[in-house]
Amino acid sequence: MTVDDSQDSPVAHMRLSVNGVHRDIEVPDDEALVTSLRKLGFTSVRAACGIGMCGTCTVQVDGMVASSCLLLTRQVSGCELVTSEGLVEDGALSEVQQAFLDHRAYQCSFCIPGMVLTVDACLRSHPSATVSDVREYLSGNLCRCGTYPSILEAVHALVAARTAGGDVR
Amino acid sequence: MTRFVEPLTIEEACSALAADPWGAKALAGGTALVLMMRQGLVNPKTLVSLGALQHLRGIEAEDGFIRIGARTTLNEVAVSPIVSALSPSLAAACSLVGNIRIRNLATLGGNLAEADYASDPPSVLVGMDATCIVQGPSAQRIVPVGELITGFYSTSLAPDEIITAVLVPVAGDAHRRSSYKKYVSRSSEDRPCVGVAVMADFNAGVVAHLSVVVGAVAEVPQRFDELVTPAIGRPLDQQTVSEIAGAYAAAIDPMEDARGSAWYRRQVTEVFIRRALEEVASP
Amino acid sequence: MTSINMTPQPTGAVGVDHPMQDAVDRVVGSIRFTIDHEVGGMAHARVIRSPFPHARLTGIDVKGALALPGVLAVLTGEDIVGDERIPNPCFGVARRDQWPLAVGKVRYAGDPVALVVADTERHADAAAIAVRVDCDELPYVVDAAEAAREGAPVIHEEWPRNECGSWALHHGDVEEGFAQADRIVESVYTSPSANPVPLEPHVAVAQWNDQLLQVWSSTQWPSIVRRELAHMFGLAEHLVEVRTYPLGGGFGAKGQVKIEPLVASAARIVGVPVRLELDRDEVFLTVAKHPATIRVKSGVKRDGTFVARDMELVYAAGAYAVTSPSGTGNALVRAPGPYRIPNIRITSQAYYTNTVPGGSFRGAFTNQVAFAYESHVDEIASELGMDPMMLRMKNLLRDGDTYATGEAMHDVHFEELVVNVAEGIGWDEAQPPMAPGRLRAKGLAVILKSTPTPSRSEARVEIGGDGHVTVYSSAVDMGQGASSTLAQLAAEFLGVRYADVRVVDPDTSTTPFDTMTAGSRTTFSSGSAIRQACAALIEAIGELGADQLGLSPAELAHDEGHVVAAMDGSHRRSYGDVIVAAGLSSLSREGVFQSESGGAFKDPLDVKGMASIHWHQGAAAVEIEVDIETGRVIVLRCHGASWAGRIVNPTRVRQQNEGNIIFGIGPALFEQLEMESGQVINPNMSDYMIPSILDVPEHMTSTALVSSEADAELHGVGEMTIPAVAPAIANAVFRATGVRIRDLPLTAERVLRGLRSVEGKVR
């Protein structure tokens with residue numbers, strides 16, 4: 001929801017880098033990134049609360065998770081954006097996505113892409129993250145179905161696999 | 001109608017703000033400003049993005065203080081080795097703000113400019129006698145954080161001024177202990193019911209300096225130096241701790257909301273001041 | 001983490017832990033929700049809502065809004081009522097007392113008053129701000145007891161005493177029962193309003209093709225939405241097509257009929273497809289959990305035997321009836337709890353109030369009574385100096401016992417559930433040494449819930465020439481995996497592979513009637529319909545196959561999707577080949593499940609008879625820790641259990657049990673809708689908090705109890721543990737601190753105030 005007068009905001013031509021691919025888009029100055037991404041077809045990015053609390057709009061911006069409902073698209077020119085779709089490589093799920101799949105870490109799944117991106121970002125930026133660290137990192141990703149235990153099982157497996165010698169891809 | 005401009009220098013930024021004092025707003029991380037726009041609380045005609053002012057980002061230890069660029073994100077402050085070593089309660093407070101997505105975008109300067117009464121860093125910064133460097137179109141001034149925040153989401157910033165850095169004095173020779181306690185009364189992700197920032201400098205086992213600041217209970221961080229004078233020159237013993245905690249609970253005039261009534265806020269203010277003081281007092 | 005008793009070994013697909021069929025789409029996020037649906041040329045709508053709780057509409061000025069760019073129309077209630085294409089504008093599943101846009105007056109702060117339709121969301125938002133609504137405020141009432149009083153503001157003229165549901169139940173002789181009692185315990189319990197908070201908001205798109213209405217909606221009740229829309233527009237039902245995608249959460253918020261009438265009306269009037277997506281604050285203003293005040297009085301013998309129970313249930317219905325008239329009847333029959341009580345009197349009433357309309361909330365019309373009666377049982381235990389678990393074991397219903405409705409209970413396992421949850425958290429374990437300033441204790445609760453009765457589920461199962469099976473059902477997948485569960489059931493009943501079965505999304509033009517996806521009924525009722533359809537299919541295939549193979553049907557057997565000669569396994573032919581050989585492209589059969597009403601609710605003031613074809617059963621035990629200086633309660637450990645009968649999918653049952661516990665912690669400890677001056681002041685996810693991952697108890701386990709019989713009844717588990725969570729926590733808080741809190745949520749402040757008064761120190 002935007003607050004606006006009768007006049008439309010100026011529109012800029014932007015070239016966004018999403019999942020390693022440049023996408024051209026016309027963006028009103030006050031458009032939120034979640035809106036732009038959904039217009040480009042990235043429907044894994046969702047909006048549910050409008051205030052950055054729930055995490056369904058999570059995207060990675062230069063490797064860091066951010067609420068795309070609170071970011072203006074104009075703020076991210078030149079940034080590398082990654083959505084859940086972008087974690088899939090050559091048709092194969094990423095390690096984090098595979099762990100979520102293996103441990104049934106989904107129910108209605110509205111929150112799951114945001115959860116996956118957050119776990120992915122945490123493990124990438126914290127080489128020795130423990131399950132507890134990842135759990136703290138996930139504190140701002142809400143799930144109403146209550147899938148948290150299955151998500152934590154997936155995290156357990158990821159941390160254990162890493163301790164056993166793998167890197168998170 | 002909102003337009004977005006991204007000046008390349010501080011001067012340009014201040015000029016853009018000065019050109020439309022009512023309608024232009026500075027945009028740093030955006031987590032506060034964009035949120036307020038979505039909620040219909042503000043309707044800026046021009047967003048002056050500070051995103052290109054990357055030299056305002058960074059943390060340095062200088063002589064006697066830490067200089068934190070205003071564009072430094074809260075997460076960067078939270079994980080900074082310099083801040084963790086020299087001002088651990090500031091790192092702690094920044095690590096507790098909102099969630100990781102907020103901390104990745106929100107800036108320390110933006111946090112102060114927003115003056116959210118329930119935010120964690122301001123209380124710690126007030127307790128540390130931190131100051132802001134404020135840049136206007138023609139002049140620069142230094143403002144103590146305690147004077148910057150004037151009320152509910154209000155600061156003493158002029159419409160054409162931006163914060164460029166935050167200076168946090170460090171302990172020097174004193175043996176400094178600090179603690180930040182954030183108490184949430186509802187879910188773990190709630191805004192705080194009470195936030196308590198405590199900083200004590202000890203000299204030969206007695207208190208040389210003590211600050212206690214309570215946040216999230218009123219419009220501005222609550223600091224009453226006169227209430228801590230009984231502690232100066234003495235060991236921080238249980239009785240002193242209880243006296244200070246009790247005096248603060250009586251002195252504050254707390255707000256009421258879903259997180260707690262005024263009565264409740266007084267109760268937990270006393271509890272957390274006591275716990276924070278006990279923590280800094282213990283060896 | 002989970003123990004499941006599984007005897008005998010699962011056969012076929014039921015009991016096999018298959019992942020959901022669209023699991024990869026869910027993880028990656030390529031699954032489509034209604035919020036992703038677009039129709040070419042669709043316009044966007046924005047609702048203008050009343051800021052006043054009760055007011056007469058004196059004028060709506062749309063001129064300013066109409067002049068803004070991109071605006072196609074600004075509609076008011078008068079536009080809808082005056083349109084001859086909308087002959088019956090009022091809707092509602094119990095009473096048709098709700099207009100798509102208010103007419104004459106507004107009845108709650110948030111009541112839709114006008115609708116902007118524009119070419120973009122942005123233009124719609126801008127125009128909405130320009131709409132001017134003039135009202136004369138009227139006196140308002142937000143409390144049900146106040147609304148019931150003589151002289152209270154009248155919210156709907158046809159109901160001058162604001163009556164919105166009135167039921168009574170009498171069993172035995174309650175006065176005689178109290179006379180026999182050695183002790184009498186009486187308390188009043190309250191539950192506030194709350195919101196189910198599905199993450200995907202309400203969203204709908206409506207499109208007209210001449211006389212055909214097509215609606216895509218995030219709804220749990222597609223068949224009923226169709227029925228209501230058909231009535232509204234005076235159409236035969238087949239001219240209304242309602243489609244749903246899997247929901248991004250429902251939890252009752254998307255039950256009954258919500259924004260569909262408005263969107264369909266707008267599309268009709270404006271002549272283009274219209275999409276409406278509610279913002280989060282609007283979701284808070286669209287549906288609410290019913291606030292309730294419940295008085296419980298029990299008479300007991302000194303040995304703990306329950307002899308009498310008198311209860312008064314009072315619910316605030318909100319501004320429109322929705323399900324209150326019938327829901328209060330459901331509450332009535334759930335109110336005593338799973339106990340053997342020979343003398344009972346219960347009254348259950350709902351009253352219109354100028355607040356957000358009450359609707360369903362996971363565990364609907366069960367959470368409030370369960371909090372009351374399970375807290376109450378512990379209060380009795382405390383009065384008598386008895387262990388709360390022992391008191392329950394003495395009085396819990398067993399097979400053959402007569403329940404409050406006069407019906408004989410069958411297949412009940414309440415004692416088993418209590419034992420299970422008690423063991424699950426170590427009820428008898430010695431208390432470890434406590435940290436200073438902390439108190440710990442355990443509490444438990446056990447509940448029952450009726451299944452919506454009567455209700456109906458139809459299903460059609462089709463086998464194609466390639467042997468693939470398609471299931472047509474209007475059951476909605478809202479995260480519970482309904483589609484995949486129904487696929488497992490069809491695979492089981494047909495003896496085919498799960499991977500060869502698919503379940504289509506509900507589309508009322510092709511999927512047959514289903515009352516609702518709610519009340520934990522789907523596995524049982526849709527499953528029953530599918531079983532019937534599959535049985536008919538097997539019979540039909542058997543006849544065709546026998547004919548083709550030159551055998552009599554009695555000589556034919558079925559084996560994993562093939563017909564074979566029973567005697568020696570020869571003449572093996574796949575179902576697909578049988579169908580093709582018969583010259584058909586596919587073969588389908590239908591099944592119906594219709595639960596009898598049994599007439600229990602025929603006389604609202606004397607409810608008796610079979611109130612539910614079977615009773616859902618659940619329990620929870622918690623260990624909590626209280627910080628006595630702040631009053632904050634943390635749930636350290638929780639074990640939940642439900643009676644599943646027979647498990648279709650072990651992981652999904654576990655996730656329902658666990659999800660229930662987490663969902664239940666919110667309203668127990670911190671969720672409540674706050675009102676001030678008749679307005680909701682926390683309609684957002686910062687001021688209204690739902691549990692985060694850090695609020696999950698460190699130790700959480702669950703059990704799904706199953707029958708030892710291979711063909712046991714399938715019981716839904718979608719809501720079975722939630723109602724037990726709040727009273728279990730309240731009971732634990734009492735055992736830890738001596739503070740009995742009878743009002744939800746159990747906030748830290750309430751606990752601290754209780755601690756202070758228990759200590760005799762109130763500063």
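**Figure 1. The overall build of chain B.** Of the 283 residues in chain B of this predicted model, 59% are buried. The secondary structure of chain B amounts to 11 helices and 14 strands. The radius of gyration of chain B is 19 Å, close to the 19 Å that the globule rule gives for 283 residues, so chain B is as compact as a globular protein of that length. Taken along the principal axes, the box filled by the C-alpha atoms of chain B is roughly 60 × 45 × 30 Å. When contacts in chain B between residues at least 6 apart in sequence are considered, 60% of them join residues at least 24 apart.

**Figure 2. The interface of chain C with chain B.** Here 21 residues of chain C are in contact with 22 residues of chain B, and the area buried between the two chains is about 1,900 Å², with carbon and sulfur atoms giving 47% of that area. On the side of chain C, the residues that lose the most area to chain B are C:Glu629, C:Arg632 and C:Met689, which together account for 28% of what that side buries. The count of salt bridges between chain C and chain B is 4; one of the salt bridges in the model joins B:Arg259 to C:Asp687, whose closest N and O atoms are 3.1 Å apart. Across this interface, 14 residue pairs are in polar contact, both partners being at pLDDT 80 or more. Helix H19 of chain C (residues 748-759) gives the most to the side of chain C that touches chain B, with 5 residues. By class, that side of chain C has 11 charged, 7 nonpolar and 3 polar residues.

**Figure 3. The interface of chain C with chain A.** In this view, 60 residues of chain C are in contact with 53 residues of chain A, and the two chains bury about 4,500 Å² between them, 60% of it on carbon and sulfur atoms. C:Val27, C:Arg122 and C:Ile693 are the residues of chain C that lose the most area to chain A, and together they make up 18% of what that side buries. Between chain C and chain A the count is 5 salt bridges, and 19 residue pairs are in polar contact, both at pLDDT 80 or more. Helix H1 (23-28), helix H4 (121-130) and helix H17 (650-669) of chain C each supply at least two residues of the side that touches chain A, and H17(C) gives the most, with 8 residues. The residues on this side of chain C divide into 32 nonpolar, 15 polar and 13 charged.

Figure 4. A:Glu31 lies in the loop of chain A between strand S2 (21-28) and helix H1 (33-39), and because its relative accessibility is 3%, A:Glu31 counts as buried. The side chain of A:Glu31 makes polar contacts with the side chain of A:Ser36, at 2.6 Å, and with the side chain of A:Lys39, at 2.7 Å. Leaving aside residues up to four places away in sequence, A:Glu31 touches A:Ser36, A:Lys39, A:Leu71, A:Leu72 and A:Thr73 within chain A, together with B:Arg38 of chain B and C:Arg122 of chain C. C:Arg122 also forms a salt bridge with A:Asp30, the closest N and O atoms of this pair being 2.8 Å apart.

Terms used: Residues numbered from 1 in each chain as written. Chains lettered and ligands numbered in written order. Predicted model: local features only at pLDDT ≥ 70, side-chain atom pairs only at ≥ 80, totals over all residues. Heavy atoms only, no water. Helix = DSSP H or I, 4+ residues; strand = E, 2+ residues; numbered from the N terminus. Buried < 20%, exposed > 50% of the residue type's maximum accessible area, 1.4 Å probe, protein only. Polar contact = N/O pair within 3.5 Å; in protein donor to acceptor, adjacent residues only side chain to side chain. Contact = heavy atoms within 4.5 Å. Buried area = accessible area lost by both parts, 1.4 Å probe. Salt bridge = Lys/Arg side-chain N within 4 Å of Asp/Glu carboxyl O. Nonpolar A, V, L, I, M, F, W, Y, C, P; charged D, E, K, R; others polar. Rg over C-alpha atoms; globule rule 2.2 N^0.38 Å.
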